[in-house]
Amino acid sequence: MAIWGVGISHAQSFSSDFKKTKITGDFISEGVAVADLNKDGKLDIIAGYYWFEAPSWTKHQMAPAESTPSDKNQETVGFGMFSRVFNPRKEYSNSFLNLGMDVNLDGWDDVVIIDFPGKPAFWFENPRNKPGIWKKHIIADSVGVANESPGFVDIDNDGRLDILCGDRAKKQIVWLKAPTKRGQTEWQRFPLSAENVPGTESFSHGIGYGDLNKDGIKDVVVREGWFEGTKDIKSGSWVFHPANLGEPCSHMHIIDVDGDGKNDVISASAHALGIWWHQQITDANGKLNFQTQLISTTTAQTHSSIMADINGDGKKEYITGKRFLAHHGRDPGDADAAYLLWFEFTPGQKPYWKEHVIDNDSGAGLNIVVQDMNKDGKPDIVIANKNGVFLFENQLKK
């Protein structure tokens, strides 16, 4: 059972593969990020409106709970009601996905927050070690409501992460680009698709980015098919190809699972049971299509995932986990053991994957972070959800 209240817990448990640290048992966010917010050379952990200072994980607020700004025109008005702990059995948080990046290019890492679907996405401007409330800037009026699994990916290959998501109003796949000059605060919106396309309905699930047809240009996948990428990424003319990519899911990943030279798609059920890979085939009409193959039924509500090389074999592994109490206990298995898992892929060697359990009392939220937190050369895993905020330090042998 998740613990919720006030204060910080530093309970630790140990295994042969990962060292687990519970940063807090409070439910404050289902998004998580890492960044060096105070420029001391150490990566801090971010969860919603809070950040935890490495290495002791001291808790700080970006928007103090009791704040009442005197200037009613400031964007910080209204923060007081949001910077708090939530009840995991009755409430959703106001932080679904997080990202740490230097948005305004002033040399200090800022914090991006994608709020509850339908509410504005925004970023907190780092005050550069000065006390007080972090200034809030709106990114877009609504991010993620047309798809609950926005992606942080580099669309234009400029070395900075963009936001890949759906636009609810126009039912369009779009990407949002962070400022490109020092001091700028506004993000630019670029369409990828036409309007009124699949994968953009309210609270739809599943989106991914990668070169599906191996033409050297990355594409966008949703459950209902894929949008073929063009060299002009700002054209808004990516052609949609219908295909069956399974049930409502979390983040989708494009890799060659079986080693046949064709890129496949991995996805996991956002609210039901199942993790799958969708094998790329040529159908009876000679078109690119998919056959769905089951990977695992260990846990349900796998509402986020990431791919990263955590075992040092040169290939990316698949990491996912249970969104504990995803709908406050209303779904079958909602309150079952909160597993965090990783899958090792072995192309050409059936069953092509091997499942590993990292933990059974944490899970994952709406996004997962993989970064080398302790600078030992191994990528670690950070998660936040209704169980709290957790760090898993990688002790796998290379």
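**Entry 1**

The model I am reading is a predicted one, in which local features need pLDDT of at least 70, side-chain atom pairs count only at pLDDT 80 or more, and totals for chains, interfaces and linings use all residues. Residues are numbered from 1 along each chain as its sequence is written, and side-chain values use heavy atoms, with hydrogens and water left out.

I noted that strands (E, at least two residues) and helices (H or I, at least four) are DSSP runs, numbered from the N terminus. Two strands pair if DSSP finds at least two bridges between them. E15 and E16 run antiparallel and are joined by 4 bridges. E16 and strand E17 (residues 225–228) also run antiparallel, joined by 3 bridges. A hairpin through 2 residues leads from E16 to E17. Val 221 has Trp 226 as its bridge partner in E17, and Val 222 has Gly 225.

I then asked which residues cover the two faces of strand E16 (residues 219–222). Asp 219 and Val 221 lie on one side, Val 220 and Val 222 on the other, and all are buried. Buried means under 20% relative accessible area, exposed means over 50%, and partly exposed is in between, with a 1.4 Å probe and protein chains only. In a regular strand the side chains alternate between the two faces of the sheet.

The open sheet here has 4 strands in the order E15-E16-E17-E18, with antiparallel pairing. E15 and strand E18 (239–242) are its edge strands, each pairing on one side only. The twist from one strand to the next averages 20°; axes are lines fitted to C-alpha atoms, for helices over the stretch in contact, and angles run from 0 to 180 degrees between N-to-C directions.

**Entry 2: the sheet that begins with E19**

I turned to another open sheet, of 4 strands in the order E19-E20-E21-E22, whose pairing is antiparallel. E19 and strand E22 (288–300) stand at the edges with a single partner strand each, so one side of each has no neighbour in the sheet. Its neighbouring strands are turned by 20° against each other on average, direction ignored. Strand E20 (residues 264–268) pairs with strand E21 (residues 273–282) in the antiparallel sense over 4 bridges. Val 265 stands opposite His 278 in E21.

I found Asp 258 in the loop between E19 and E20. Asp 258 has a relative accessible area of 9% and is therefore buried. Its C-alpha atom is separated by 9.7 Å from that of Trp 277, which is 19 residues apart from Asp 258 along the chain.

**Entry 3: aromatic pairs**

How many aromatic pairs does the structure hold? I recorded 12. Rings of Phe, Tyr and Trp (its six-membered ring) pair if their centres lie within 6.5 Å; planes under 30 degrees apart count as stacked, over 60 as edge-to-face and the rest as tilted.

Phe 96 counts as buried because its relative accessibility is 3%, whereas Phe 116, at 25%, counts as partly exposed.

Trp 277 and Tyr 352 also form an edge-to-face pair, with 5.6 Å centre to centre and 85° between the planes. Trp 277 is in strand E21 and Tyr 352 in the loop between strand E25 (340–345) and strand E26 (353–359), 75 residues apart. Both residues, Trp 277 and Tyr 352, are buried. I also noted one aromatic cluster formed by Tyr 49, Phe 122 and Phe 124.

**Entry 4: the largest pocket**

Which residues lie nearest the centre of the largest pocket? They are Phe 152, Val 153, His 253, Ile 306 and Met 307, out of 42 lining residues. On a 1 Å grid over the protein atoms alone, a pocket is an open set of points with protein on both sides within 12 Å along at least five of seven lines, and lining residues have an atom within 4 Å of a point. Among the elements that give two or more residues to the lining are strand E11 (151–153), strand E19 (253–255) and strand E23 (305–308).

Terms used: 1 Å grid on protein atoms, 1.4 Å probe; cavity = no way out; pocket = protein on both sides within 12 Å on 5 of 7 lines; lining within 4 Å.
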